[in-house]
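Biologist: Please give me a close look at the part of this chain that the database record annotates, and at how the elements there are packed. Plain terms will do.

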Amino acid sequence: KDKEEDESREEDSCSQQNGASRRKNYQRKNSDGKKAGEEGSRQRERGKKAPTKDQKESENKEKKTNKKGKEGENNQKKDRKNSTSSSNSSDEESLSEEELAMLMEQVEQKKKLISTMRNKPWRMVKKLSVLREAQAFVEKFEGALGKGKGKKLYAYKMMMAKKWVKFKRDFDNFKTQCIPWEMKIKEVESHFGSSVASYFIFLRWMYGVNLVLFGLIFGLVIIPEVLMGMPYGSMPRKTVPRAEQATAMDFSVLWDFEGYIKYSALFYGYYNNQRTIGWLKYRLPMAYFMVGISVFGYSLMVVIRSMARNANESTADGDDDNFVFSWKMFTSWDYLIGNPETADNKFASITTSFKESIVDEQESNKDENIHLRRFLRVLANVLIICCLCGSGYLIYFVVKRSQTFSKMQNIGWYERNEVEIVMSLLGMFCPPLFETIAALENYHPRIGLKWQLGRIFALFLGNLYTFLLALMDDVNEKLAEEDMVKNITRWTLLGHHNSSAGNGSTATPPPLDPADVPRGPCWETTVGIEFVRLTVSDILVTYITILVGDFIRACFVRFVNYCWCWDLEAGFPSYAEFDISGNVLGLVFNQGMIWMGSFYAPGLVGINVLRLLTSMYFQCWAVMSSNVPHERVFKASKSNNFYMGLLLLILFLSLLPVAYTIMSLPPSFDCGPFSGKKRMYEVIQETIELDFPLFVAKIFSYVANPGLIIPAILLMV
């Protein structure tokens with residue numbers, strides 16, 4: 001401490017002496033300068049008194065030379081300034097004035113800290129570490145101010161850092177542009193709110209799931225059968241019967257998915273029951289069974305994973321209900337917007353979000369008569385239950401009547417498609433009826449949407465299961481018919497063999513033409529055709545409803561309003577609003593049919609992919625051109641878990657009929673990859689016995705014990 005005090009005293013004395021010497025030198029220079037100035041002024045006064053011609057000429061020459069010299073010096077200074085400014089601008093083009101000011105202030109603070117480090121009451125270890133950090137900071141960033149040696153390097157680093165930030169921002173924008181239909185959905189959300197946009201987000205998600213399912217079925221089932229299986233016409237299941245060949249290419253027959261379409265790779269009956277096909281020895285029956293199970297397994301995994309992700313996002317957001325209007329007023333605008341169209345969309349989005357928040361605030365502060373409200377809600381539920389029961393009975397009656405029509409000949413188009421027409425009409429007219437009845441309940445729009453979704457879901461599910469129960473009666477009749485046809489087929493083949501052998505020829509008899517072999521009803525293909533018809537009719541009804549109910553209605557209101565008796569836009573019929581609940585439940589119901597029907601019609605997933613692809617463009621166009629936002633715009637919930645919950649329920653309910661047919665019903669004897677077996681699942685036992693070692697078969701037999709299966713199911717539940 002004594003040494004440090006002595007050193008500090010010496011430094012102070014030295015600094016005082018240096019300051020005194022500097023002051024003396026400065027005073028001497030000033031005094032000398034003053035004396036020289038006085039002498040020069042005296043000489044000028046003397047020269048002014050007695051000037052001669054020679055002196056005047058010499059003075060003029062000196063002035064001219066001085067002017068030229070000054071002009072040259074000024075030009076040199078300008079050139080130097082331009083060169084230095086150009087170099088500085090090239091080095092510091094990536095630095096703004098605010099950044100330079102901040103850096104200068106920080107560098108000065110670090111320098112001050114270095115100079116006063118000796119007087120800090122810190123330990124020596126801390127002093128050394130802080131001193132090293134400060135010196136490194138000054139050495140690194142002093143170049144930005146044009147004082148140190150690292151000026152160009154620092155400017156280059158700053159330029160590269162800014163370019164890297166810009167590259168990341170552009171790459172994020174590029175990733176956003178690569179998301180399918182992202183800009184379309186953002187445009188819809190800006191004009192119609194997050195509740196309508198949630199439907200299109202759900203539609204895009206469904207399209208991605210179906211694209212993966214189509215890749216599984218198309219790549220592992222359809223392509224191997226087409227490339228390595230037996231060709232068309234080589235066997236009865238791949239040949240149109242002789243009695244149907246005359247009309248097999250008629251449009252009316254093809255529209256009903258009969259004729260050549262029925263005997264194609266689109267349906268279950270086309271596939272052969274050979275254990276291996278082609279030079280790859282591809283096990284097609286095993287692949288068909290495993291792909292059918294994988295469709296449900298993958299769908300279950302994706303739905304649950306999406307629900308878990310949405311739940312995490314909703315819990316991570318926290319409570320943002322405080323000061324809602326202040327947050328929206330002062331933090332809603334995006335200052336990175338540079339496109340006028342994007343700015344208009346953002347303006348519309350902010351306006352819509354204010355409307356959503358106002359509705360939420362009004363609903364939270366609303367007073368109501370509790371007893372009257374309860375009575376009206378009970379009445380609404382009773383009316384809706386009556387509608388559900390009536391629609392279920394109507395579908396069961398129509399399906400039973402269609403079975404009698406199928407046994408008749410020369411029936412019309414309506415009789416052939418009565419089931420599909422009735423189910424599509426119920427799906428089109430019941431949701432608006434439910435919405436009219438739900439006006440009695442006066443729920444918050446978000447809660448009312450969930451009730452509406454649940455009721456339409458019950459309608460679709462009841463209709464679907466009523467259709468399945470009636471279809472199972474038809475399947476049982478076809479199974480009884482198969483026993484008779486099986487005997488007829490055997491007697492036909494035996495009679496052909498005996499007739500050829502009765503001629504006394506020892507040569508092998510010619511094979512019977514596949515078109516002449518008696519066929520069984522192939523109930524799996526019949527079930528697949530029914531699901532394909534339902535899907536196609538649902539697509540047509542949806543598109544016709546959009547064209548007639550939205551587009552033509554909007555055109556009528558828009559162009560006839562000028563010459564009508566009342567205001568069509570404000571009164572009846574007005575512009576249509578986007579039906580969120582009906583469209584969402586239509587998607588869920590359609591996906592349930594795809595899950596159930598894909599096992600009996602592998603090409604059904606491809607039809608659904610085309611349907612979802614066209615629906616995205618068609619419905620986006622219809623919404624932006626023909627619909628208006630809801631009168632009570634409301635904000636969607638933070639996640640789509642309600643939609644996903646409905647989808648998970650329909651997935652579970654779609655699995656039940658398929659599992660029942662796999663485990664309980666015998667497959668057809670002359671069509672499909674499982675023909676010749678008592679049950680479809682026997683293909684797994686066959687593969688384990690023939691292709692795996694014995695201990696693997698024992699392990700699977702132990703695993704298949706009900707004592708392990710039942711606890712595993714309980715654990716999964």
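Modeller: The unreviewed UniProt entry places the feature "transmembrane region" at residues 205-227, 286-304, 378-399, 419-440, 452-472, 599-621, 642-663 and 699-716. These positions are in the numbering used here, the feature name is shortened, and such annotations may be inferred rather than shown by experiment. The model is predicted: local features need pLDDT of at least 70, side-chain atom pairs count only at pLDDT 80 or more, and totals for chains, interfaces and linings use all residues. Residues are numbered from 1 along each chain as its sequence is written, and side-chain values use heavy atoms, with hydrogens and water left out.

Take two of the annotated spans. Residues 599-621 are 78% helix and 0% strand, and their end C-alpha atoms lie 34 Å apart. For residues 699-716 the end C-alpha atoms are 21 Å apart, with 89% helix and 0% strand. The chain as a whole has 22 helices and 2 strands; these are DSSP runs numbered from the N terminus, with helices (H or I) of at least four residues and strands (E) of at least two.

Now the packing. Two packed helices are described by the angle between their axes and the distance between the axes. Axes are lines fitted to C-alpha atoms, for helices over the stretch in contact, and angles run from 0 to 180 degrees between N-to-C directions.

Helix α17 (residues 580-597) packs on helix α18 (residues 604-626) at about 165°, with the axes 10 Å apart. That makes α17 roughly antiparallel to α18 (under 35 degrees counts as roughly parallel, over 145 as roughly antiparallel, 65 to 115 as roughly perpendicular, the rest as oblique). The crossing of α17 with α18 is left-handed, meaning that the near helix is turned anticlockwise from the far one by less than a right angle; clockwise is right-handed. On the α17 side, the contact (heavy atoms within 4.5 Å) is made by Asn-583, Leu-587, Asn-590, Gln-591, Met-593, Ile-594 and Gly-597. The α18 side supplies Leu-604, Val-605, Asn-608, Arg-611, Leu-612 and Gln-619. By class there are 6 nonpolar, 6 polar and 1 charged residues (Ala, Val, Leu, Ile, Met, Phe, Trp, Tyr, Cys and Pro count as nonpolar, Asp, Glu, Lys and Arg as charged, the others, Gly among them, as polar).

Helix α14 (residues 418-438) meets helix α16 (residues 523-560) at about 40°, with the axes 9 Å apart. That makes α14 oblique to α16, and the crossing is right-handed. From α14 the contact takes Glu-420, Met-423, Ser-424 and Met-428, and from α16 Glu-530, Arg-533, Leu-534, Ser-537, Asp-538, Val-541 and Thr-545. These divide into 4 nonpolar, 3 polar and 4 charged residues.

In the loop between α15 (445-501) and α16 sits Cys-522. Its phi is positive, about 50°, although Cys-522 is not a glycine. Cys-522 counts as buried because its relative accessibility is 8% (buried is under 20% relative accessible area, exposed over 50%, partly exposed in between, with a 1.4 Å probe and protein chains only). Lys-281, in the loop between α8 (251-255) and α9 (284-317), also is not a glycine and has a positive phi of about 55°. Lys-281 counts as exposed, at 51% relative accessibility.
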